[in-house]
Amino acid sequence: MEPEEPKQELINIPITVDVPYRFAAGTYMAKFLVELRDNGKFYGIKCPVCKRVQMPPRIVCAACHVKNTEWVELGPEGTLVGFTIMYLPLTDPTTGKPHEPPFSYGSVRLDGSDSVLDHFLNIEPKVEKIRVGMRVKAVLRPREQRIGDLSDILYFEPISRQ
Amino acid sequence: MSEDRDYEIFEVDQHIVAHSKYYAGRMGSRFYLTLRDEKKILGIRCANCERVYWPPRSTCGRCFSQLSEDKMVEIGPRGTVETFTLVTYSEPVHPRKSPFIYGIIRLDGADTSIVHFIDEVEFEKVQIGMRVRPVFAETRNGNILDITHFRPL
Amino acid sequence: MSERVAIVGVAQTKFSPKRADVNYSEMAYEVIAQALGDTGLTIERDIDNAISCSHDIWDGQTISDIGITDVIGGHLRNEEKMAMDGSTAVYYAAIGILSGEFDCTLVLAHTKMSQTSRNIVNNTAFDPIYTRLLGLDFTSAAALQAARYMHARHITDRQIAKVVVKNLANALHNPVAHNKGRYTIEEVLAAPVVAAPLREMDIAPDTDGAVALIMASEEKAKRITPSPVWVLGLGTSYDAHYLGDRDLSECRALEQAAARAYRMAGITDPARDIDVIELGEEFSYQELLWLEGLGICPRGEAGRLIDSGFTAIDGDLPVNPSGGLLSGVPANVAGLNRVAEAALQLRGDAEGHQVHNPRIAVAQGHSGFCGQHQCVIVLGRE
Amino acid sequence: MKRNVAIIGGGQTYHAARRHDVNQVEMVNEAVRAALEDARMTIDEIDTVLVGNMEFFEGTHMTDCWLVDGTGAYGKPGLKITTGGTVGATIVCAGAHHVASGLFDTVLCIGFEKQEEGDTGAILSGVAHPLYGRSMAGAAVGYFAMMGTSYMAAWGATEIHSAMVAVKARQNARKNKYAHLKLDITVEDALNSRMLAYPIRMLDMCPASNGACAMILADEKTAKDRCKNPVWIRAMDTAHNEQFELDWRDVTTTKPIFSRTSAARVYKQLGVNKPADYFDVFEIYEPATWAEMVWYEDLELCGPGEGFKLIEEKRTEIDGPIPVNPSGGVLSTNCIGASAMLRVWEAALQIRGDAGEHQVPKEVRRALTTAYGGTNWTVLTALSRSLDD
C-alpha cells in the first residue's frame, strides 16, 4: 500500500511560527491572579443557582448559564484526585523550554472548591509514594517572586501531620 | 462592566512558538532542486486545459486534472511585471529591511505569475509591463529565497 | 426556500482599538447577554445551536472556541467554530436551521486584534512552500491587488480616497464605530504610504469587539419578534490561492457567490433591487472592487459610481452607511457586523445612520488575502 | 432533518508518520480522488466542499484557502470548520446539514492532518488557558495518565487491561491496509514499552500520523440513483464541555458528562435500549487506552466500572459480540483532523461490507461512532444500512 519513498532528495521548508500576544486576564482572572500574587490566597466563585464553587473564577456558570456572583476563598489545603509521573520533557509553550522529567504531577481539589487544579507535586516520582485521596497543600513562592501566575505556586506537597 | 472592576487591568505577554516543517512533495522538490542546482525555474503544463502553472502543482485547480512530473517545463527566467507595491513598514517575518518592493511577475511561457521582490531599481521607475529577470542567491538552500529578487532587464 | 430563516436578535459591542479590561470570553458574553436580553430568550429554553467565529491564531489559543464554550451555552450542547469570516457563520447557521436539525441558533464572532500582530498572523495564511518566506501579509497583498485594479480599470487615487471620506463620515452617526470623522480627499491622500498605493487611512484599523446574532426558523421567529429580518439568499465561493493565479483586478469568487445568493433571492437587477449594502472593505479600494463583484456596476465602473454619489448614505444605493470596516471592526467579526448592520437597517434600528426605508439589504464578507473566499447574504423585510 | 442523508462514497490516504513525498495539498487530494472514485463521481458533480482542520496544528491560517486545488473547491461554495479533535465528525454533521437543507445535493467533506509538519506538542499545550496553566500543561498524555490512575484506583483495573486495549488496536490495525501502527504485539510488549506518564506507556497512546479522509454525502434521490450501497446517517449529536472542568478524569463521577449526555440523546432519538445489541459495530475515538474502557462505560456497553472486564473477556475484539474499532482506531492512526471522520468512514465501510480484512465477521446493519477533542467534546454519529434499520 505504502509507495516506496522516491530516491530523489525531498525538500522541506522549515518555518518557525512565532506569534506574540498580550493577553488580558479579564475581570475574574485578574482578581484570582492578583490575590494569589499579593496575598497568597486562592479565590473561586460560586454559581448562584447550582452553588458550584468554580476555580479559576469565570464570568458564567457553564451549567446554569448565569453570571457567577459570590467570591469564595479556597484551600490552601486540598485532596489529590489524580496523578501521574511524567517521563516526557514537556515543552512549556510560553518559554519553549522543557520541564525536566521525571516529575510528579497531579490534580488537586482545594478545600471548598468543586474544581480541580493540575500542578506539580513535591513528591518523589515513585508510584508507591503517591495515592489518590492524599491530603496536600500549596507551597507558594515568596511574595517578592510572585508575578500573578500559577507558577507562583511552586508545587503541592503532602501535609505531614497526617 | 465597571461594577465588577475592583482590580487592576492585568495583562501578560506571551509568545506561541511552533517549529513547523513543510514538505514540498515530489514535484515541489524537483522545482527547488532545479532552482538550487541549475538556477532554472520550472512550471507545469496541464495537458487538459493547456495552462502552464507556477508554482508547479499536481492538480489543476481549474479542471481538476492530475498533473504529472513529466509535464514540468522550464519557464522564464524573464518576465513582465503585472503589479507591484512599495512596502514601507517592517515586520519580523520580512526577510529584508523596508522599504522594499514586491511584484507579481508573469514569467515568459507561464499562464500564472510569481510573487517576489523587485530590486536594483527605484520605486518610481517601476511600471506595470516592465520586463525583469531573476537574480539568484549565491548560496542556495532550496527555498523561494534562492531567487533574491527580480531586476529590470 | 420552502422554509425560511430569520435574524431575530442583534447585539454588538462598541468597537474599540483596545479592550484591556476583558478577555475574549467576557467580551463575547457582553453581546450574548444583550442579544438574549433583547429578545427575551434563554439558552436552555430557546437556543438549540451555537456557532462561533474566530481563529486560533488570532485568539492565541489552540481550539479557541474552548474559551467561549461557557458563555455561548456550549456545555453539553452543540457549538461549532467557523474559522472564516463572520458572514460565513451566518451562512452556515442558516443552512443548519434549513436542515431541520436546529430551530434557533446563537451566532457569535469575536476578535481582539490588539492582543497580537495582524501582519504576523496573516503571514501564516500564505502557502508555506512558495510564498510565506517572502514575508507577505494581507496589507502588502492588498496593495498588489489595489495597484493592479487601479491600473487595469483606470481607477484613480481620488476615487479610492472617496471611499474613506464617505465611510468615515458615515461612521460619525454609528454609535459602535470608533474610527470616524470628516475628512477631505486631500487629507486622505496626505496620509503616509504604508504599502503603495495604500495609505494609512485606506486600511481598517486594529479593533477589538464582538457581535452576536440570534437566528431562527420561520415559525420560531414569528413567535419571537414582530419584525424578523429574513435571509433570502446565500452564496459562497472559493477563488485560487496563489496571488499570481488570479487576475487581481477581478473578483470571480465574489461574482459566483453573489450569483448564487441572488438566484435564491430572485434578484435579477442588483443595482435596482438592492436598497442598501454593507460590505467588507478591509482596504478602501475593496469597496469599489467588491461593488463590481456584486454586480452593482460593470467591471471598471465603480470609480464613476462613487463619483456620482450613488453609494452615499443618501444616494440611490447606500453602501456601508455604518462606516464599514474602515470605521473599525475586528477581522473575522467583520462579516457578522456587515450582516448585523444590514439587519438593523431593515428593521429601521440603525439610529443615526439609518437609510430611507430599505426592503432588501446585501451583506458581503470575505476570508483570506484579496478575497480568496467570498460570502454574500441577501436579507429582506418580507 | 428535513431530508435523509446518505454517505455515497469515501476514501482515505494511507496513514504514516512520514509523508515527505507529498505536500498538504497533494495529500488531501489523494483522499479526495479516492472518495470521488469510490462514488464514481467527478468533481463537477460536487455541489460544495467542506474542510475540517485546526490551523495551529500545522501553523497555517486559512488552510482551506491554500488547499483549493487539492480539495476541488476552486469556484465552488464551501467553508472550513474547526472544533479540535472532533472536527472530522463535525464536518460530517455540517455536510449532513448542507444536504438536509435542500440547498445542496452532493457534499464533499474533508478532514486531514499532516502532523509531521507542525509542532504538535507546543500546540496541544496551547489548549490550556494562557494565564491559567499553559506554562505547566501536562498535555494530552498527562490528562489521560490521570484518567488511568483514577480508573485503577476506583475499579481495580490494572495496567494489564490497558495493555490489552493497546494490543487489540494494533492487531486490528494489521488487518487495515490504511492504518499507521500495524504492530504484531503482545500484552507483554505493551507493558514493557517506554513509560511516558505513569501509567501511560508508549503503546497506550495514539501515534502522530499524517493522513486525510474524504466523504461524499448526498440526498436520498441522488443516493438511490447513484449508489448501490448508500449508508444512511440516522442520528448526530454534539456535546461540548465547559472550559475548565474536565470530569472525564474522575472516572467515578456520576454526573451526566459529555459522553453520557450525547449517547443518551442519540439513544433516545433512535429508541435504543441496549446499545450493545442495537449497534453491530462501534468506531470510537480513543486517544489513549484508558479512554477506550471509559467509552465502553459511557456508551453503556457495560455498567460503570466494568469497562476493563469487556476487554478482559475479549468481547470487543473484531470477532467478539461488541466489536469496537476493528480498524485499529485512533490508537493505531491519529491524523487529528481526519481521525473523527475516519471513525464515520470506517463504520460506513463495515455497513457496506467493504472493510476488507478487518470486516467484522457478522452482519452489520447499524454502527455508532464517537469523536473526541477540545476540553472533552464529542460528536456521536449513528449509521444504518437501510432507512428501515
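This is a guided tour of a predicted model, taken one selection after another.

Start with chain A and show its strands.

To see how the two strands line up, pick A:Lys46 and look across to A:Val53 in strand 3 of chain A, which stands opposite.

Move to chain B. Here an open sheet of 3 strands has the order 3-2-4, and the pairing is antiparallel. Strand 3 (52-53) and strand 4 (72-75) of chain B are the edge strands, each pairing on one side only.

Select strand 2 (residues 41-45) of chain B together with strand 3 of chain B; they pair in the antiparallel sense over 2 bridges. B:Arg45 has B:Val52 in strand 3 of chain B as its bridge partner. Helix 1 (residues 25-38) of chain B lies across strand 2 and strand 4 of chain B, running at about 150° to strand 2 of chain B.

Staying in chain B, select strand 5 (residues 79-87). Of its 9 residues, 8 are buried, so strand 5 of chain B is largely enclosed by the rest of the structure. Which strands does strand 5 of chain B pair with? One is strand 6 (residues 100-107) of chain B, joined to strand 5 by 8 bridges and running antiparallel to that strand. In this pairing, B:Gly79 has B:Leu107 as its bridge partner. Another is strand 8 (residues 131-136) of chain B, also antiparallel, with 2 bridges to strand 5. There, B:Thr80 stands opposite B:Arg131.

**Where chain B meets chain A**

Show chains A and B together. The contact takes 31 residues from chain B and 33 residues from chain A. Between them the two chains bury about 3000 Å², with 52% of that area on carbon and sulfur atoms. On the chain B side, select B:Tyr7, B:Phe10 and B:Gln14: they supply 24% of the area that chain B buries against chain A, more than any other three residues.

**Chain C: two crossing helices**

Turn to chain C and select helix 8 (residues 157-170) and helix 13 (residues 284-293). How are these two helices of chain C placed relative to each other? Their axes come within 7 Å and cross at roughly 105°. Because angles of 65 to 115 degrees count as roughly perpendicular, helix 8 of chain C is described as roughly perpendicular to helix 13 of chain C.

Show side chains at the crossing. Helix 8 of chain C contributes C:Gln159, C:Ile160, C:Val163, C:Val164, C:Lys166 and C:Asn167, which meet C:Ser284, C:Tyr285, C:Glu287 and C:Leu288 in helix 13 of chain C. By class, this contact has 5 nonpolar, 3 polar and 2 charged residues.

**Where chain C meets chain D**

Bring in chain D. In this pair, 60 residues of chain C are in contact with 60 residues of chain D. About 5000 Å² is buried between chain C and chain D, and carbon and sulfur atoms give 59% of that area. In chain C, select C:Thr62, C:Leu76 and C:Tyr238, which lose the most area to chain D and together account for 15% of what that side buries.

Within chain D, select strand 1 (residues 5-12), where 8 of 8 residues are buried. Strand 1 of chain D pairs with strand 7 (residues 210-219) of chain D in the antiparallel sense over 7 bridges; D:Gln12 stands opposite D:Cys213 in strand 7. Strand 1 of chain D is also joined to strand 8 (residues 231-239) of chain D by 2 bridges, again antiparallel, and the bridge partner of D:Ile7 is D:Val231.

End on D:Lys114, in strand 4 (residues 106-114) of chain D. Is D:Lys114 buried or exposed? Its relative accessibility is 0%, so D:Lys114 counts as buried. Leaving aside neighbours within four places in sequence, D:Lys114 is in contact with D:Arg19, D:Val22, D:Asn23, D:Gln24, D:Met27, D:Glu58 and D:Asn210, and with B:Tyr23 from chain B.

Key
Residues numbered from 1 in each chain as written. Chains lettered and ligands numbered in written order. Predicted model: local features only at pLDDT ≥ 70, side-chain atom pairs only at ≥ 80, totals over all residues. Heavy atoms only, no water. Buried < 20%, exposed > 50% of the residue type's maximum accessible area, 1.4 Å probe, protein only. Helix = DSSP H or I, 4+ residues; strand = E, 2+ residues; numbered from the N terminus. Pairing = 2+ DSSP bridges. Axes fitted to C-alpha atoms, helices over the stretch in contact; angles between N-to-C directions. Parallel < 35°, antiparallel > 145°, perpendicular 65-115°, else oblique. Contact = heavy atoms within 4.5 Å. Nonpolar A, V, L, I, M, F, W, Y, C, P; charged D, E, K, R; others polar. Buried area = accessible area lost by both parts, 1.4 Å probe.
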